[in-house]
Amino acid sequence: MERMTAVLSVAALLSAAASVGRADSEYDNTVRAGVYYLHYALSADDISGPYVPPGLNIDVPDVVTLYLAYVRKLSSHWDFEFALGYPPLTKTEGKGPATVGSVPYNGQVISTARWVAPTVLFNYEFRDPSASLRPYVGVGINYTHFIDKQSTAQGDAVSGGPTSISLPDSVGPAATVGLVYRLTPRWSFYASYSASMVNARLTANTAGVIRTTHIEFWPLALVVSAGFSF
Amino acid sequence: MIKTGCTLGVLVMAGMLAACGSDSSSATVATSNARGTLIYDPPLRIASLTAAALQSQLSSTASGQQLAELAGTPVCGVDFYYEQYWTVDPVGAPATASGALMVPTGTAAQCTGARPIVLYAHGTQTDKAFNIADVSNTANTEGALIAAVFAAQGYIVVATNYTGYDTSSLSYHPFLNGDQQSKDMIDSLTAARAALPHSFTPATTDSGQLFVTGYSEGGYVAMATVKALQAAGTPPAASAPMSGPYALEALVDAVFYGNVNIGSTVLSPLLTTSYQRAYGNIYQYTTDVYEPAYAPNIESLLPSIMPVDTLFQQGKLPETALFNSTTPVIPGNPLLTAALAVPTNPVFAAGFGSPNLVTNDYRLSYVLDAAANPDGAVPVPQPGVPLAANPQQGLRKATNLNDMRNGNWVPMSPMLMCGGDQDPTVFFSVDTGTMQAHWAALPTGLVTVLDVNAPPTPGDPFAAVQAGFQQALANLIAAGGPQAAVESYHTTVAPFCTVAARGFFSQF
């Protein structure tokens, strides 16, 4: 959480600094709400550790979650965006042999976790500020903090007992491309496609026996949202 | 203010989301190091195999097929747990050890509910990382054996790896230390009983019926455990020590007289290190016992992370030459000098050569004590086969103390002693024969001796086991000649005696 606070503080400072000298528009602040379609392009090493047969890997299916963001206008073309999805329940599935011993593995949900992934982006909007349709691009930083990490009953059966899961926080780059359609001075619609990178070392502890895998995923998010400016 | 409020609102929301939920937890970690304390509760289940999967796994190798044929088709699946627990070292200090808890699974009546426990002691292992619970390790043939013979037929199995192996905190193995190893066995049982209610199959419970068995070193440990359980007032329902060096003083005397057993160059360092660490009177310097070429690292050599063949290749141990082929001469004692000469028996003669492991001086000091304070079983069995009355030499004191004749005890529950009469590693007549003679006055039926190499008697419940062993021995001779059969004899007896033990236990 300390790293997350640091990221947010830096973002707030940048926002305050950038607001100096901006070109004023009618409304400086916008809140957005919408839907996040999240695809995990996941790549993981095979799980390693004691009593792990070769070829055990994991996969994470797509999720849909609530998208929330606060956008601060910095100039006619520059925005600062602080985006946050409602922490999606992310299921980790076994990928590999059908069974481990006689315990089903492939396709079984072996763990779940939620993750809080605040992302700060600096977006550049093209075209004239008065245009109703403006494309934009942005870059920024993603911070991911995993919460509520649970091994499922099936995961415990595969692992060999009650299992605690550790996933350290991750900081990585983020980028977005999108379109904003201004319906009224206050209301707009947004569609964007974002990518970020999350690196984590998953560690599972079952009765003191540690198994690990390094996972790297690029959450690709298609976001459709509505914004209210004030 | 409105702008600030909104920004704070988002941040507060982030904080709330981050705070929600809680992570899953792992096993409870023991805070006590009292004997028998399970360190992780529940213990790790290493593998879970249905009866069909177990059968399939056994069928995948030639040795597994033979084992399945002998043990019978699995009736139950088996969950293999890896337990870690607290026990004590030879001087009573806390030490950790690990082992296996094998729990039968499945819906058949004999696979669930209240089940008997088989407490098993394994044979000597040179691999320091040996873990009998790791059934995925194809080298763990003994784990597969007891799973197939006992667990797959409805017995809960508890088997320690012993202190000094696997993740044990003890840096050496208390080899053939009856007091320590029996405590280790009992502590593994206590820990397993604590683990059972928290297993994946808590409906499978301890019926309270306990059987104790083990092979080779484990045969000795099994008998020592019976002795300790009786002393604690909790004798097992029955026991089956198999091919164990029970009459330890007699066996080591026989070896020093020249009847060098197969494996002696490996067993000797294990024995001297064990007793040196326990009693401190085996040697002042390792060169007191061992030739200079081997003495420097001998104390920490075994068990080893290196295969024993590598130790031989690297010259850290001679492969067979325990004693020098130039044998000591005892002035004025031609009979003893002759007794120490290289024997004519080629199996024993293989224990002589150069370079060799044990110095002639040490051999001489041992044999002079054996001659002055003879064991009643060596060289010629005396009535009652008594222990040496007053041994003075350090190693003889230790073997005397740990000999199963010591303590004037007798089994209180039925015991089967199984072995093969031509065993070149643990001599049947010297060990099983000595204990049989020692307990000859006991009521009929309390102690049963089974020689798997004896001619089968029609109607004898063990006739099939004897016939099976003798066929296996004939197959060995046909495939590799007599020498191959001699070298494999000790290990070939094991599955047949184990099946005999199961048959014996099934009577109770």
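A crossing of two helices is left-handed if the near helix is turned anticlockwise from the far one by less than a right angle, and right-handed if clockwise. In this predicted model, local features need pLDDT of at least 70, side-chain atom pairs count only at pLDDT 80 or more, and totals for chains, interfaces and linings use all residues. Residues are numbered from 1 along each chain as its sequence is written, with chains lettered from A and ligands numbered from 1 in the order in which they are written.

Chain B is divided into domain 1 (28-247 + 407-505) and domain 2 (248-402); the bounds come from an automatic or database domain assignment. Their C-alpha centres lie 28 Å apart. Domain 1 of chain B gives 28 residues to the contact and domain 2 of chain B gives 27 (contact: C-beta atoms, placed from the backbone, within 7 Å). On the domain 1 side, α14(B) and α15(B) (463-505) each give two or more residues. The largest share, five residues, comes from α14(B).

Helix α14(B) (428-438) packs against α7(B) (248-256). Helices are DSSP runs (H or I, at least four residues), numbered from the N terminus. The angle is about 150° and the axes are 9 Å apart. Axes are lines fitted to C-alpha atoms over the stretch in contact, and angles run from 0 to 180 degrees between N-to-C directions. The two helices are therefore roughly antiparallel (angles over 145 degrees). The crossing of α7(B) and α14(B) is right-handed. Ala250(B), Leu251(B) and Ala254(B) of α7(B) meet Val430(B), Asp431(B) and Thr434(B) of α14(B).

Notes: Parallel < 35°, antiparallel > 145°, perpendicular 65-115°, else oblique. Contact = placed C-beta atoms within 7 Å.
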